[in-house]
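User: I would like to learn how to read the features of this model one at a time. Please give the general idea and then the case.

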Amino acid sequence: MRAAVLHETGQDKLEVHDDVEAVGFGPGKVRLRMRAAGLCHSDLSAMSGVLPQPAPLVPGHEGAGEVIEVGEGVTGLSPGDRVLLCWLPACGGCPACRRGQTHLCLSGFARAGTPSFRRAGTDLFGFAGTGTFAEELVVPAGCAVPVPDDVPYDIAALIGCGVTTGLGAALDTARVAAGSSVAVIGCGGVGVSVAQGARASGAAHIVAVDPTAARREAVLRFGATEAVPPEGLGDARRRITGGEGFDYVFEAVGTSATARTAYEATRRGGTLCVVGAGAADDFLKISMFELFLDEKRILPSLFGGGNVLRAYERAIALWRAGRVDLAGLITHRVPLARVNDAVDQMRSGEALRTCVEI
């Protein structure tokens, strides 16, 4: 089968090979035929080494397809079922799951160190234990979540991560209040989904911040009331909040510099929600005095901060009702053979999401 492979961490380009094998099928597992995958910035971070992931690897963690084969003991799934890929499924038995914080389950991360593919006698890893830039994939049954027939594969793929992360940050983690002021720093697929979640929550002002003109123009179609370059954030803060700061600021880039900017743009007593995935050695500096005096809530949001299965259902319901636009997030489409076009589009800021058609 074909798959896109990064042979060494730090390489700029992926190589598409047609002699890759998906491995690990057995009890409790399912074999999937992938149909669509989304390229998320986290994939680029894994390729560059910002996020820890053994190599060689097959990137991709947003995906959707159909079940080819189910292993012994698998219930609720059958060959032919349409599914989206959940890269961080809940095990149900760890302390986080027992507390109801299923999005903090670490079982999915543990899979990142187990080979998912093989080529020419060499083991290949799948990013985040998945690897959706491949024609076939073997995963635990909990990673394959059935979706209704009316949900296209490309939209299902985005719901598997970026859409759920962004909507959940606004709806579950920060719990944006109606009538509030919101700023979103970083307007890729996740940031745009945050803006849609803030709009669904009834925010009065949603200021989108991004250095790329195309993204600023695009985010206005998804609920932002205005979009500014980074140097325009201070003016927007003065105009909209009288200089006090925004009720909610979302950081969807994943750097300490943008997180610090977000902190400073948040009003005293307001909420900073960190959505971007950053490097382990990139530290956010906040003085103990300002932390005490300003009483700003700092809320990280992993995978939307809620029960992902319910979040998937919510995203589909909002999409069906026309409350969120998911098809519009897909600004580019490429076949698997041209996956490097998707990488270039993400790096340049040209794309919100590129759908890799498999």
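Analyst: Start with pairing: two strands pair if DSSP finds at least two bridges between them. Strands (E, at least two residues) and helices (H or I, at least four) are DSSP runs, numbered from the N terminus. Here strand E13 (residues 205-209) pairs with E14 in the parallel sense, over three bridges. This is a predicted model, in which local features need pLDDT of at least 70 and side-chain atom pairs count only at pLDDT 80 or more, while totals for chains, interfaces and linings use all residues. Residues are numbered from 1 along each chain as its sequence is written, and side-chain values use heavy atoms, with hydrogens and water left out.

User: Which residue in E14 is the bridge partner of valine 209?

Analyst: The partner is valine 228.

User: What is the strand order of the open sheet of six strands?

Analyst: The order is E14-E13-E12-E15-E16-E17, and the pairing is parallel. Strand E14 (226-228) and strand E17 (297-300) are the edge strands, each pairing on one side only. From one strand to the next, the twist averages 20 degrees. In a regular strand the side chains alternate between the two faces of the sheet.

User: Which helices pack on the sheet, and at what angles?

Analyst: Contact means heavy atoms within 4.5 Å. For the angles, axes are lines fitted to C-alpha atoms, for helices over the stretch in contact, and angles run from 0 to 180 degrees between N-to-C directions. Helix H6 (residues 189-201) touches strand E12 (181-185), E13 and strand E15 (246-251), and its direction makes about 170 degrees with that of E12. Helix H9 (residues 256-265) touches E12, E15, strand E16 (266-274) and E17; the direction of H9 makes about 150 degrees with that of E16.

User: What is the order in the open sheet of four strands?

Analyst: That sheet runs E3-E8-E9-E5, with mixed pairing. Its edge strands are strand E3 (21-22) and E5, each pairing on one side only. Strand E5 (residues 57-58) and strand E9 (residues 122-126) pair in the parallel sense over two bridges, and valine 58 has glycine 126 as its bridge partner in E9. Strand E8 (residues 115-119) pairs with E9 in the antiparallel sense over four bridges, with proline 115 opposite phenylalanine 125.

User: How many residues lie between E8 and E9 in the hairpin?

Analyst: Two residues lie between them, and alanine 120 in the turn has a positive phi of about 50 degrees.

User: Is H5 largely enclosed or exposed?

Analyst: Buried means under 20% relative accessible area, exposed means over 50%, and partly exposed is in between (1.4 Å probe, protein chains only). Ten of the twelve residues of H5 are buried, so the helix is largely enclosed by the rest of the structure. Among them are Gly162, Val163, Leu167 and Thr173.

User: Where does threonine 173 lie, and which residues does it touch?

Analyst: Threonine 173 lies in helix H5 (residues 162-173) and counts as buried, because its relative accessibility is 16%. Not counting residues up to four places away in sequence, threonine 173 touches Gly168, Cys273, Leu299, Pro300, Ser301, Gly304 and Gly305. A polar contact is a pair of N or O atoms within 3.5 Å; within protein, one must be able to donate a hydrogen and the other to accept it, and residues adjacent in sequence count only if both atoms are side-chain atoms. A polar atom of the threonine 173 side chain lies 3.4 Å from the backbone oxygen of glycine 304.

User: Where is glycine 304, and is it buried or exposed?

Analyst: Glycine 304 is in the loop between E17 and helix H11 (308-320). With a relative accessible area of 2%, glycine 304 is buried. Glycine 304 and leucine 167 are 137 residues apart in sequence, yet 6.7 Å apart in space, C-alpha to C-alpha.

User: What domains does the assignment give?

Analyst: Domain bounds come from an automatic or database domain assignment. For this chain, they are domain 1 (3-161 + 306-357) and domain 2 (165-300). Their centres, taken over C-alpha atoms, are separated by 27 Å. The contact takes 19 residues from domain 1 and 22 residues from domain 2.
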